[in-house]
Amino acid sequence: MAASGSRRSCDDFEEMRDVGVQTDAKIQGQEPRLSKANLFTLLSLWMELFPKEEQGQRGNDSAGDCGLVVIQECRVLGLHCSSAQLHAGQVAVVKHGPRLKGCDLYFSRKPCSTCLKMLINAGVNRISYWPGDAEISLLSGRQDNTDSSHQEAILDATAAERLKSNSRPHICVLLQPLASTMLQYVDETSQNCEFLRTMAVDSPAVDVAEVFRREQWSHWDNLLKTFFINDEEQHKYVLKKMGLENFCVKPNFNNLRQHMRDLIRTLASVAASVPVLQGKYGFFTCEPLASGSPALPQDVVRHCTIQARLLACRTEDPKVGVGAVIWAEGKSSQCDGTGKLYFVACGYNAQPKSSEYAEYLLKDNKEEEKQNWKCKYILHAELNALTFRSTEIKDDENTMMFVTKCPCDECAPLIGCAGIKQVYTSDLDSGKVKHDVSYLKFNQLHGVQKFFWRQKSPNRCTSEQTAPPKANGCLKQRRDEETKFQCNKRLRS
């Protein structure tokens, strides 16, 4: 689904294809997968909710929050969100400069005219945005001539439309319908992920399915408040002001809203796979933190882990969907909403680049010979993240990997040699040998701090409990999840 006011008509616009091993969002092979367009859209929505400092430190900018994913030749070049000083589009220009030429950008809000003119000048290829609200909210204030902030938003939308219609980049809404079984598949894989399985092993009396459902509905409610306009007439009003009149007529309007709901539910299910549980579970280590960098705040770790869980929904290995994200901590904040943290790389387990989907085996068969096992052909998420990184790993900075499954013996040495300082993961398979895959080397890896998803215990080492919070643009102490979402949501009156 695409709508644009650029010189090229929708008929001339070739449907975005998933370059790589799968060319569309339909089921191919044995399991459904997220299309790249939907994956990048979900990552942009989630980046808008990146844990920030206290809301009062944001400044008085009426633009609020916006998430952004920068794609260069189907590779994630950057994950960004707006800060108190800069909008997300401005952050991308500052961070990447000339590297933005030819890139595709995915926004969680329609970019304002200030961002749009800079991005057009940078020579981007495509700008896609979530059709829920503009970066300068059209829902704030009264919808009449007496409210100056609302009039400013309308003027900005008009300027953005003029820039859009006279620009070379394709500026559009790009949402693709999910496969018919995708929602069920995401629910099942999220409920059966490493983190909830760890809880089931640690606490057999806990109803993990009930925990997942409770978290899922909580996220669903909060995400709807943030990214969806329940009032249909109000949504049509915003779409018209954003230059999306074609979406205001049936059946386009109903289809658009259904696609939006499906993606929000997908995000809610994935977020529920790493539950909050009032701080009872988290990522902890028994290693002395004095020998390395302090641990990140738990809400930041959880946010980055859910990014990895989203990537796992794109897996080409349906038996074991794994995602990995690498972030680094710079020496100073550079006006990004992530503070000192900056994106390095991400990946999911996949077949070699340019392979056809299902060209190799997708599932192991214990009865067949070893040369037929899929593990010989699948590249693990950690390897893909290290291969397609957008920036080099610096020895003097704390570089962290967030991965949804304990690294195997094939990945562990590469992680250590690449300069990764911290790894946040699950230890469900740590120290085990499962068929042809071994997980023995990761625990023996020196120079890498290991943080495992586990129950909070008073027996943890003192240095971990008292590690001072770092001024990295993130919360210095745990905030209630409901409060975080309430601070981010837009006015819906």
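A: Start with one residue pair. This is a predicted model, and in it the bridge partner of W327 is F343, in strand 8.

Q: What makes strand 7 and strand 8 a pair?
A: Two strands pair if there are at least two bridges between them. Strand 7 (residues 323–329) and strand 8 are joined by seven bridges, so they pair. They run antiparallel.

Q: Where do these strands sit in the sheet?
A: The sheet is open and has six strands, in the order 6-13-10-9-7-8. The pairing is mixed.

Q: Why are strand 6 and strand 8 said to stand at the edges?
A: Strand 6 (281–284) and strand 8 (341–348) each have a single partner strand, so one side of each is left without a neighbour in the sheet. From one strand to the next, the twist averages 20°.

Q: Which strands does helix 6 touch?
A: Helix 6 (residues 194–202) packs on the sheet and touches strand 6, strand 9 (398–403), strand 10 (422–425) and strand 13 (449–455). Its direction makes about 60° with that of strand 13.

Q: Which strands does helix 10 lie across?
A: Helix 10 (residues 298–312) lies across strands 6, 7, 8, 9 and 10. It runs at about 140° to strand 7.

Q: Why does S44 count as buried?
A: Buried means under 20% relative accessible area. S44 has 0% relative accessibility, so S44 counts as buried. S44 belongs to helix 1 (residues 36–48).

Q: What does S44 touch beyond four places away in sequence?
A: S44 touches G67, L68, V69, Y106, F107 and S108. S44 and Y106 are 62 residues apart in sequence, and their C-alpha atoms are 6.3 Å apart in space.

Methods:
Residues numbered from 1 in each chain as written. Predicted model: local features only at pLDDT ≥ 70, side-chain atom pairs only at ≥ 80, totals over all residues. Heavy atoms only, no water. Helix = DSSP H or I, 4+ residues; strand = E, 2+ residues; numbered from the N terminus. Axes fitted to C-alpha atoms, helices over the stretch in contact; angles between N-to-C directions. Contact = heavy atoms within 4.5 Å. Buried < 20%, exposed > 50% of the residue type's maximum accessible area, 1.4 Å probe, protein only.
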